[in-house]
Number of protein chains: 2
Amino acid sequence: MNPEFEHELRAALRADQVSTAPGDLARHAIDQGPVTDYREPAAVVWAETVADVQAVVRGAAAHAVPVVARGAGTGVSGGAHATEGCLVLNLERMNRILELNAADEIARVEPGVVNADLNAAAAAHGLMYAPDPASFKISTIGGNVATNAGGLRCAKYGVTRDAVLALDVVLADGSLIHTGHRTFKGVAGYDLTGLFVGSEGTLGIVVGATVRLRYLPADVRTLAVFFPDVQGAAAGVLVLGAARVQPCILELLDGPSLAELDFRNASTLSDRGGALLLIQFDGLAADREVVIARDALTNLGGNVSEEDPAEAGYLVELRRNNRGMDVDTENRVGEDVAVPRSQLVRYITALEDMAARHGVGVRVIAHAGDGNLHPTFWVPGMDTGSIAALNRALDESIETALALGGTITGEHGIGQYKLRWLPLEQREDVLELQRRIKDLFDPQGILNPGKALTARTSRS
Amino acid sequence: MNPEFEHELRAALRADQVSTAPGDLARHAIDQGPVTDYREPAAVVWAETVADVQAVVRGAAAHAVPVVARGAGTGVSGGAHATEGCLVLNLERMNRILELNAADEIARVEPGVVNADLNAAAAAHGLMYAPDPASFKISTIGGNVATNAGGLRCAKYGVTRDAVLALDVVLADGSLIHTGHRTFKGVAGYDLTGLFVGSEGTLGIVVGATVRLRYLPADVRTLAVFFPDVQGAAAGVLVLGAARVQPCILELLDGPSLAELDFRNASTLSDRGGALLLIQFDGLAADREVVIARDALTNLGGNVSEEDPAEAGYLVELRRNNRGMDVDTENRVGEDVAVPRSQLVRYITALEDMAARHGVGVRVIAHAGDGNLHPTFWVPGMDTGSIAALNRALDESIETALALGGTITGEHGIGQYKLRWLPLEQREDVLELQRRIKDLFDPQGILNPGKALTARTSRS
């Protein structure tokens with residue numbers, strides 16, 4: 001760390017807000033994404049106020065030091081990985097719910113508020129904050145905003161973007177702006193709020209968010225529908241759509257995923273079938289939707305059982321925690337593509353085929369209601385040949401998703417790890433337009449450099 | 001029109017695609033917004049293909065001629081008003097539905113597709129395109145995208161932004177880009193799609209849109225709830241929220257609005273009460289929601305009656321056509337503010353008070369579920385004093401909405417007419433950031449200049 005900048009930081013902040021201790025640097029080097037270029041930050045700063053963030057960014061701008069903003073570090077694309085010489089700006093201490101207005105159905109929060117804490121506070125008013133990434137018990141709203149996080153419930157309630165009404169953002173020069181509106185609707189000016197959501201801290205640092213809350217559903221009904229094979233389960237997703245019912249949760253788990261869950265939790269899901277659709281309906285229509293769904297899926301050959309609330313909670317919990325067992329390693333990588341729902345059956349079949357051809361393992365879990373799949377590929381060995389096979393399978397899984405009209409990332413973000421595939425999805429002209437937006441917001445390139453966007457090639 | 005450019009246009013397009021005939025120029029001079037600076041375009045071009053749009057924009061860029069893109073011209077903020085020396089680019093002939101995929105629940109459309117036509121095509125598959133501005137029978141998807149149009153159903157289904165997945169956009173240099181994704185979820189890159197939605201043709205010209213469709217509800221139940229006064233009706237909006245039911249339509253009409261409807265339609269709404277909440281529930285929960293709503297609103301003193309489908313359709317139609325009777329004139333202007341829902345009662349009371357103080361008439365219709373109000377102010381005379389009083393009331397209505405945490409435009413857009421109030425809502429730093437985005441996308445300033453954003457002051 002530039003000694004002058006470190007001196008300034010220590011003068012501006014309390015002693016427990018700045019650290020260059022090796023343990024702190026190591027703990028802030030990476031998020032939960034795959035690591036391809038391990039770097040430790042030069043320093044870590046814990047901001048406690050908006051003014052802290054402004055002071056840090058002003059200093060970073062003056063000394064041209066990169067700033068990687070970070071919440072709980074639960075991202076899985078390396079969006080919060082440290083980069084060479086950077087300062088990691090930890091926002092977890094900015095964890096106050098500033099306002100929870102039940103009549104207006106909104107909350108104003110600091111970026112370090114944990115998703116589950118906001119939900120607990122909202123539940124006291126019969127409300128909920130709908131976006132629920134698997135990490136919701138520990139991840140922060142700021143991080144959710146930075147990645148435009150999805151989750152299980154977004155099949156019905158939308159993703160983070162759909163819940164964010166307004167933002168307070170510290171720009172690359174340390175200035176503070178406010179975007180958006182407190183009202184549900186508002187069309188004054190360009191959609192700067194949407195531009196910041198999902199921009200992974202590369203355009204500005206979110207220091208406050210006004211979010212829309214939804215009604216906590218009184219009724220929740222959960223179906224477990226087992227099929228002989230994963231193709232049947234994927235077909236069930238389309239049958240539900242054709243029946244015009246809207247689950248709040250619609251998760252698909254293939255046979256290997258059920259076996260893995262059984263192994264880890266001593267459960268017996270595999271005994272019940274070769275693939276599972278875990279379906280939850282909520283709200284005042286739930287009772288009628290269950291009847292319609294049961295008929296449609298039984299006709300398709302599904303083995304439908306309604307789970308009692310305890311068992312349903314257990315199953316959803318198993319599914320949510322799936323991510324926990326899938327933290328990426330060099331020889332096991334979870335993907336995050338999305339395809340149009342009509343392509344689910346074809347895509348899953350293609351995944352099985354490509355895994356067999358490349359000699360790698362694959363299991364598939366999907367937020368199937370959104371066509372958002374999380375296939376996990378793995379190889380047993382760490383040798384060069386195995387890792388190369390794993391990467392070939394990953395590449396092919398991405399290319400196939402794109403060929404079917406899909407995207408390389410449904411909800412995890414590009415971060416650092418997915419940069420290699422971004423040019424397959426977006427043409428150079430669109431990438432260059434985004435780079436110019438990045439240049440406009442951050443002319444020095446100090447905000448989370450090397451993330452979200454591929455760099456210009458030397459020619460351009 | 002620059003003779004060379006006109007020559008090039010006539011060489012590139014068919015004779016019936018270019019006009020400088022006085023009748024065509026006059027017909028394309030204004031949209032339905034208030035006119036403060038009447039200008040006729042230098043020429044009108046009807047594009048029929050994406051290539052047409054590209055050729056026109058390339059030529060306009062070469063000759064530095066402003067381009068005002070336009071669909072049906074139903075906007076009410078003057079966003080499609082012609083400006084000095086401009087070319088109006090009419091997109092109504094690009095009216096093909098390119099794809100309607102019922103399994104994927106999406107449609108790909110050209111910009112000139114009329115909203116109602118898309119809904120008719122979707123209905124054949126049990127689907128609907130949810131955003132329904134009052135103009136939906138004649139307005140185009142391209143215009144809806146340009147203004148991020150709202151409507152009645154967005155209380156439940158969201159606004160245009162929430163329905164748009166991907167866009168094809170011709171940029172200011174005539175190049176064509178594609179933004180977004182065909183899937184429901186996708187977080188690759190910055191949200192360029194959201195940036196174009198609502199940008200009123202100032203950043204690019206939308207020549208194609210991929211939109212998400214929703215399930216056409218099987219059940220629809222409509223309640224007419226009359227209250228003694230408008231404050232009671234506004235309180236009813238909060239009571240419904242507290243009862244955790246989600247109407248698809250929740251419209252508030254005050255006494256003068258009911259009287260106006262009665263006068264124009266020979267109806268007898270005013271005999272039934274002093275203010276009306278027109279409430280529609282749809283979908284599989286409708287039956288249960290009606291029971292809950294009826295109880296809650298009866299307890300509040302509302303006179304609840306369920307309308308048979310014919311009468312319900314008639315009432316909704318009356319409400320939708322309200323805009324028709326309120327096309328703005330010099331002495332009658334409809335507003336479009338939004339306030340947090342908890343402020344509805346206070347705001348409506350303030351409107352009545354300010355109208356009385358300024359000696360102007362006011363009636364209020366609101367998409368009350370969103371807190372989006374359309375007060376109409378009028379004065380009987382056209383004299384300077386009357387018009388000044390009208391403008392004082394308008395100004396105060398805007399300032400009061402902002403003071404209550406609201407916005408100056410819930411769904412109509414800034415266009416040309418609302419520029420004067422934009423700096424009251426957005427600080428100079430936020431405006432300047434948007435101007436720089438505009439400069440990045442349109443360095444010559446040829447795309448709908450003088451709309452959506454206030455110009456830099458001479459100092460900056």
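## A buried salt bridge in chain B

Glu335(B) is buried, at 0% relative accessibility. This value, like the others in this report, comes from a predicted model. Glu335(B) forms a salt bridge with Lys418(B), and their closest N and O atoms are 2.8 Å apart.

## Other salt bridges

Over all chains, the whole structure holds 75 salt bridges. One of them joins Arg182(B) and Glu99(B), at 2.6 Å from N to O. This pair links distant parts of the chain as well: Arg182(B) is in the loop between strand E9 (176–180) and helix H8 (192–196) of chain B, and Glu99(B) is in strand E5 (residues 97–101) of chain B. Arg182(B) is partly exposed at 23% relative accessibility, whereas Glu99(B) is buried at 19%. The cut-off for buried is under 20% relative accessible area, so Glu99(B) falls on the buried side of it.

Arg27(B) is exposed, with a relative accessible area of 55%, but Asp24(B) is buried, with 15%.

## A four-stranded sheet in chain A

Strands of a sheet pair through backbone hydrogen bonds, in either the parallel or the antiparallel sense. In chain A, four strands form an open sheet in the order E1-E2-E4-E3, with mixed pairing. Strand E1 (18–19) and strand E3 (67–70) of chain A stand at the edges with a single partner strand each, so one side of each has no neighbour in the sheet.

E1(A) runs antiparallel to strand E2 (residues 43–46) of chain A, and two bridges join them. In this pairing, Val18(A) has Val45(A) as its bridge partner in E2(A). E2(A) and E4(A) pair in the parallel sense over four bridges, and E3(A) and E4(A) also run parallel, joined by four bridges. Leu87(A) in E4(A) stands opposite Ala43(A) and also opposite Val67(A).

In a regular strand the side chains alternate between the two faces of the sheet. Strand E4 (residues 87–90) of chain A is covered on both faces: Leu87(A) and Leu89(A) are buried on one side, and Val88(A) and Asn90(A) are buried on the other.

## One face of helix H4

Helix H4 (residues 115–123) of chain A has these buried residues: Asn115(A), Ala116(A), Leu118(A), Asn119(A) and Ala122(A). Seen down the axis of H4(A), they fall within an arc of 160 degrees, so they line one face of the helix. The buried residues of H4(A) pack against several elements of chain A, including strand E5 (97–101), helix H5 (141–147) and strand E10 (205–212).

Ile30(A), Val35(A) and Tyr38(A) make a nonpolar surface patch of about 240 Å². Ile30(A) is located in the loop between helix H2 (22–27) and E2 of chain A. Its relative accessible area is 30%, and Ile30(A) is therefore partly exposed.

Methods:
Residues numbered from 1 in each chain as written. Chains lettered and ligands numbered in written order. Predicted model: local features only at pLDDT ≥ 70, side-chain atom pairs only at ≥ 80, totals over all residues. Heavy atoms only, no water. Pairing = 2+ DSSP bridges. Buried < 20%, exposed > 50% of the residue type's maximum accessible area, 1.4 Å probe, protein only. Arc of directions from axis to C-beta. Contact = heavy atoms within 4.5 Å. Patch = residues over 30% accessible without salt bridge, like charges linked within 9 Å, V, L, I, M, F, W, Y side chains within 5 Å. Areas by Shrake-Rupley, 256 points an atom, 1.4 Å probe, with all protein chains shown as cover. Salt bridge = Lys/Arg side-chain N within 4 Å of Asp/Glu carboxyl O.
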